[in-house]
Amino acid sequence: MTTVAEQPDAGPTGGTVDGPVLEVEHLTKHFPIRTGLLQRTVGHVRAVDDVSFHIDRGETLALVGESGCGKTTTGRVVLRLIDPTSGTVRFDGQDLAEVDADELRGLRQRMQIIFQDPYSSLDPRMSTADIVGEGLAIHGMASGQAQLDRVTDLLEKVGLSARDLRKFPHQFSGGQRQRIGVARALATNPELIICDEAVSALDVSVQAQVLNLLKDLQTELGISYLFITHDLNVVRYIADRVAVMYLGQIVELAETEQLFTDPRHPYTRSLLSSVPIIDPELARATVRTPLEGDVPSPSSPPSGCRFHNRCPQAVERCRHYAPVLVDLNDGRQARECPEYRPEPFGLTAQSYRESELLNQGTEAGE
Amino acid sequence: MNTPTTPTDDLPSGSGPDRPPDTAADRSPAGGSTITEATEPGDGERQTPEQVALGRRQRFAESFRQFRSDHLMGFLFGIVILLLLLVAIAAPIIATHDPSAIPRPPQKLAPPSTDHFFGTDQLGRDIFSRVVYGARTSLIVATATVIISTILGTLLGAVSGYLGGWVDLVIQRIVDAVLSIPVLILALFIASLLGASITNVVLALSIIYIPRFSRIARGEMLRIRSAEYVTAAEALGAKPSRIIFKHGVPNLVAPIIVLASLTFGQAIVAEAALSFLGVGAPITEPSWGRMLSTSREFMTVAWWSVVFPGAALSLGVLAFNLFGDALRDHLDPKLVR
């Protein structure tokens, strides 16, 4: 019987130690659209279209965007749960396209995923002990009593206890289930965890618990996260850097604070200004450039700049000119929009002062 | 929604360990967390694998109790099935006469009496004893058929559904081909090709029933394959065999169990039909179907020669069907409620 090595002081097993844990280059995934009796391919859904990014050790990269922009597909392709159409994914310096099925299964011990839906992601016929212990069993990391002890440790880490071992998923609440999912992902001591909308299905208080848990684990174990979400408040709380996706492409990638205070792409700005603000006075003082309509179909993206049909600043030539992703001086990347004017948005000092004056005016008038 | 057990029921009530049955929570999948921490015995720091297994057994016992109270009819027919099994096993003890013995002088077509409970047939053989031994033939054929077709059909379907691609294509076209031939004609063909024996009847019926199981198993496996817990297992590095056996089979077993219990009844009828047509059990084996077939000429003069084997056949089929229905409702309450 083997016991599990304690993670905190155990370095990453093999590979280079200093390089980024994950490098994604020109990743593309096209899903063929087939119709008719002969299943002829009539087109492609370009779910992910030339996406590149990297994640350093112990870093959290958030991938944000609207529904259907390819965030989830990116996560699945990175883990090779779906095969990419083209592009490379390097995990710890190792090209995932070059490893065979057995080696890939071995690598899965080191990269994990937490799913969005805490209901469908746990096997209803398995007890908590089996669910959390599955990774240990698969990789032969522990069995019998050692496995059960490790599972108990993990459950305690996520705020559950030994008495939950023999319960089945339906006996837990959504938040508890999500924490079981976190425990399962942690079981094999992974270096990278992809959190696919990991907290979206939870209510706000539980969200905070899980987020804090993930943050603590990162500090403790040095895990890297690819945090896929559409919730910008979550992003601001947890992410070191943020990549904004639109129609399968990254439109902007920057450090979190930079992105939130000084977005360089009209889409990022619109996205940021769509965050609801609870305080009515602040809300009134906020300059908004809201997004209208839905994301266009990724099977026939708009010509030129993909955002032009929804962009508040679009002009005629945006139909033809497709901005490219360029490196900006401070380590960030953005699709350089020639029409972009850094107009004030969100809650600026000026707009806040104006609303203050406005309020004083109305109070004086009474 | 029927949630018979609320958290307050968890207080000690003196009627044994009162753990809320998993079936109760199954019935309310949306709000499924009616279970409180208090229901779990003890809060020891560590548990052994044996304790975890114990929890699983308790779950089964609870599920059984639930079945008994919710589906009394099905439960009673379950007992009938057990009695039939008992009769089949204990046939030499229960039978009053040798089922094949022709007494001298033969009392041909004697009506029911204290000596011959169900009367005698056209050769003077005791019908009661023949019906008792007939249960053996029927249940052996049905049991063997169901076991073979359940295991092979489920395996084929699960593999076919999970792997997809050309494996799926080949398996499913064969399944389609078998399903497209009328059951009895196919059985007649196989049985007459192989000759009349119990083994051949089992073989013929298994070939007929395997596709049904594989169909159901494949459909369920397709559903399971797209579930996130399978993606999660793949992300953990599970091999296809592990996914099929650890995640696939346990999740598709409920409809398979139901189909198996319904197939039991059908197999009994099919065996009787084959015997009736003369290609089933060999002439030396007492079989309900063959009894019906030979006594139909004497139906007008000796009603008992038809009624008793017929009643035995009906009872067996009815019991398996009603038990199967109840089992289906029990295992998948969403289907009916």
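Mentor: We will go from the domain bounds to the contacts between the domains. Keep in mind that this is a predicted model.

Trainee: Which domains does the assignment give for chain A?

Mentor: Domain 1 of chain A covers 22-245, and domain 2 covers 265-365. In contact across the boundary are 14 residues of domain 1 of chain A and twelve residues of domain 2 of chain A.

Trainee: How is the size of an interface often given?

Mentor: The usual figure is the accessible area lost when the parts come together. Between domain 1 and domain 2 of chain A, about 1100 Å² is buried, and carbon and sulfur atoms give 58% of that area. On the domain 1 side, R46(A), E66(A) and L232(A) lose the most area to domain 2 of chain A, and together they make up 47% of what that side buries.

Trainee: How many salt bridges does the rule find across this interface?

Mentor: The rule finds one between domain 1 and domain 2 of chain A. R306(A) pairs with D49(A) in a salt bridge, with 2.7 Å between the closest N and O atoms. The count of residue pairs in polar contact between the two domains is two.

Trainee: Which elements supply at least two residues each to the domain 1 side?

Mentor: In chain A these are strand 2 (40-55), helix 7 (232-238) and strand 9 (241-246). Strand 2 of chain A gives the most, with four residues.

Trainee: What is the make-up of that side by class?

Mentor: The side of domain 1 of chain A that touches domain 2 has six nonpolar, five polar and three charged residues.

How values were computed: Residues are numbered from 1 along each chain as its sequence is written. Chains are lettered from A and ligands numbered from 1 in the order in which they are written. This is a predicted model: local features need pLDDT of at least 70, side-chain atom pairs count only at pLDDT 80 or more; totals for chains, interfaces and linings use all residues. Side-chain values use heavy atoms; hydrogens and water are left out. Domain bounds come from an automatic or database domain assignment. Contact means heavy atoms within 4.5 Å. Buried area is the accessible area (1.4 Å probe) that two parts lose on being put together, summed over both. A salt bridge is a side-chain nitrogen of Lys or Arg within 4 Å of a carboxyl oxygen of Asp or Glu. A polar contact is a pair of N or O atoms within 3.5 Å; within protein, one must be able to donate a hydrogen and the other to accept it, and residues adjacent in sequence count only if both atoms are side-chain atoms. Ala, Val, Leu, Ile, Met, Phe, Trp, Tyr, Cys and Pro count as nonpolar, Asp, Glu, Lys and Arg as charged, and the others, Gly among them, as polar.
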